[in-house]
Amino acid sequence: MQHLLGIKDLTRQEIEQILETATHFKEVINRPIKKVPSLRDVTIANIFFENSTRTRLSFELAQKRLSADIINFSASGSSVSKGETLLDTVKNILAMKVDMVVIRHSSVGAPHFLAKHVKASIINAGDGTHEHPTQALLDVFSMQEKLGSLEGKKVAIIGDLLHSRVGLSGIFALQKLGAEVMVCGPITLIPRYIESLGVKVETNVRKALQWCDVANVLRIQLERQQVKYIPSLREYSLYFGINKALLDSLDKEIILMHPGPINRGVELSSDAADSHHSIILEQVENGVAVRMAVMYLLASNLAIR
Ligand code: CP
């Protein structure tokens with residue numbers, strides 16, 4: 001791997017190598033001294049053209065734990081507002097001798113475009129509605145911590161699949177690790193092609209929850225919806241919202257996940273998000289270890305360590 005652009009292009013072996021390396025880094029970040037010199041003298045630019053809390057902070061903390069030098073760029077307040085292109089922006093950042101770029105962009109394929117045009121290792125931190133590979137990796141890492149091997153395990157991805165990059169990367173990662181995947185949501189929020197990926201489709205959330213070992217619940221992404229896909233958030237919540245009473249009424253225990261940010265009271269009630277079913281904050285903790293593993297392995301492959 002020179003870049004991490006998506007899960008689609010990774011082999012099972014590569015995913016397993018990242019997860020094994022993350023296990024080591026999780027142990028490191030739970031030590032009293034959490035910092036290791038692995039990426040000393042490696043310079044990383046975090047360039048975010050879209051808002052982020054978890055991914056941006058998690059990458060930054062992971063880089064600090066690995067002793068990398070970092071620079072942070074966000075489009076707001078930059079010369080992008082004066083018309084500077086993505087390529088010019090990144091070439092200027094790279095002129096400052098940057099080895100690795102972590103990019104989030106609203107356009108599908110922006111990281112792939114950069115990977116073709118610049119000499120640095122590119123990590124996709126979310127490109128539009130396409131992929132969010134490090135989120136999928138931290139999600140499968142978190143599932144494995146609870147369930148062991150994902151071979152034959154059943155995972156339901158519930159919510160706005162149409163606009164979700166987490167959903168698509170999750171499907172690729174889970175299938176490569178041998179899990180069965182079901183998607184569930186209003187039919188207007190499920191892409192037409194999705195069955196061709198080998199996933200089951202369900203529109204009844206209770207049936208999806210009853211089927212699965214893990215429910216990964218996605219956010220309704222109103223900011224990406226130019227037309228109305230659902231009558232109202234209230235109606236969505238009524239038919240697809242998950243609350244603790246629903247979870248408790250199942251005849252099995254399931255694990256509840258969400259990549260964040262949560263629309264509390266829409267896709268998840270607070271009593272579900274904060275219940276014993278939920279591992280949402282463990283996902284956030286694991287994000288640091290997984291991102292350390294990704295950057296460590298990329299730097300090793302580039303021999304820039
Ligand atoms: N899960 C995730 O990508 O969250 P942020 O948008 O806050 O980074």
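Residues are numbered from 1 along each chain as its sequence is written, and side-chain values use heavy atoms, without hydrogens or water. Because the model is predicted, local features need pLDDT of at least 70 and side-chain atom pairs count only at pLDDT 80 or more, while totals for chains, interfaces and linings use all residues.

## Ligand site

The residues around the ligand are Ser52, Thr53, Arg54, Thr55, Arg104, His132, Gln135, Pro259 and Gly260. Each has a heavy atom within 4 Å of the ligand. The table gives polar contacts, meaning pairs of N or O atoms within 3.5 Å; within protein, one atom must be able to donate a hydrogen and the other to accept it, and residues adjacent in sequence count only if both atoms are side-chain atoms.

| Protein atom | Ligand atom | Distance |
|---|---|---|
| Gln135, polar side-chain atom | nitrogen | 3.1 Å |
| Pro259, polar backbone atom | nitrogen | 2.9 Å |
| Gly260, polar backbone atom | nitrogen | 3.2 Å |

On its own, the ligand has 250 Å² of accessible area, and the protein covers 91% of that. Accessible areas come from the Shrake-Rupley method with a 1.4 Å probe; for residues, only the protein chains shown count as cover.

Gly260 is also joined to Pro261 by a cis peptide bond, with omega about -5°. Pro261 lies in the loop between β9 (255-257) and α10 (270-273). Helices (H or I, at least four residues) and strands (E, at least two) are DSSP runs, numbered from the N terminus.

## Helix α5

Helix α5 comprises residues 133-147. The expected span of a helix is 1.5 Å times one less than its number of residues. For the 15 residues of α5 that gives 21 Å, and the end C-alpha atoms are 21 Å apart, so the two agree.

Buried means under 20% relative accessible area, exposed means over 50%, and partly exposed is in between (1.4 Å probe, protein chains only). By this test 11 of the 15 residues of α5 are buried, so the helix is largely enclosed by the rest of the structure. The buried residues include Pro133, Gln135, Leu137 and Phe141. Gly148 follows α5 and has a positive phi, near 75°.

Ile7 lies in the segment before α1 (12-29). Its relative accessibility is 0%, so Ile7 counts as buried. Contact means heavy atoms within 4.5 Å. Setting aside residues up to four places away in sequence, Ile7 touches Ile15, Glu131, Pro133, Ala136, Leu137, Ser169, Phe172, Ala173 and Lys176. The C-alpha atoms of Ile7 and Thr134 are 8.6 Å apart, yet the two residues are separated by 127 residues along the chain.

Lys26 lies in helix α1. Is Lys26 buried or exposed? Lys26 is buried, with a relative accessible area of 16%. Beyond its neighbours within four places in sequence, Lys26 is in contact with Phe141, Glu145, Glu285, Asn286 and Ala289.

## Helix α6

Helix α6 covers residues 165-176. Its 12 residues should span 16 Å, and its end C-alpha atoms are 17 Å apart, which agrees. Of those 12 residues, 10 are buried, so α6 is largely enclosed by the rest of the structure. Among them are Arg165, Leu168, Ser169 and Phe172. What do the buried residues of α6 pack against? They pack against α1, β3 (100-105), β4 (121-127), α5, β5 and β6.

Ser164 caps the N-terminal end of α6, with a side-chain oxygen 3.2 Å from the backbone nitrogen of Val166. Gly178 follows the helix, with a positive phi near 90°.

## Strands β5 and β6

Strand β5 (residues 154-158) and β6 run parallel and are joined by 5 bridges. Two strands pair if DSSP finds at least two bridges between them. Val155 stands opposite Val181, and Ile157 has Val183 as its bridge partner. In β5, 4 of the 5 residues are buried, so the strand is largely enclosed by the rest of the structure. Strand β6 (residues 180-184) also has 4 of its 5 residues buried and is therefore largely enclosed.

Most residues other than glycine have a negative phi, and most peptide bonds are trans. Asp41 has a positive phi of about 75°. Asp41 sits in the loop between α1 and β1 (43-48) and is exposed, at 63% relative accessible area. Ser67 has a positive phi near 65°. Ser67 sits in the loop between α2 (54-65) and β2 (69-74) and is buried, at 18%.
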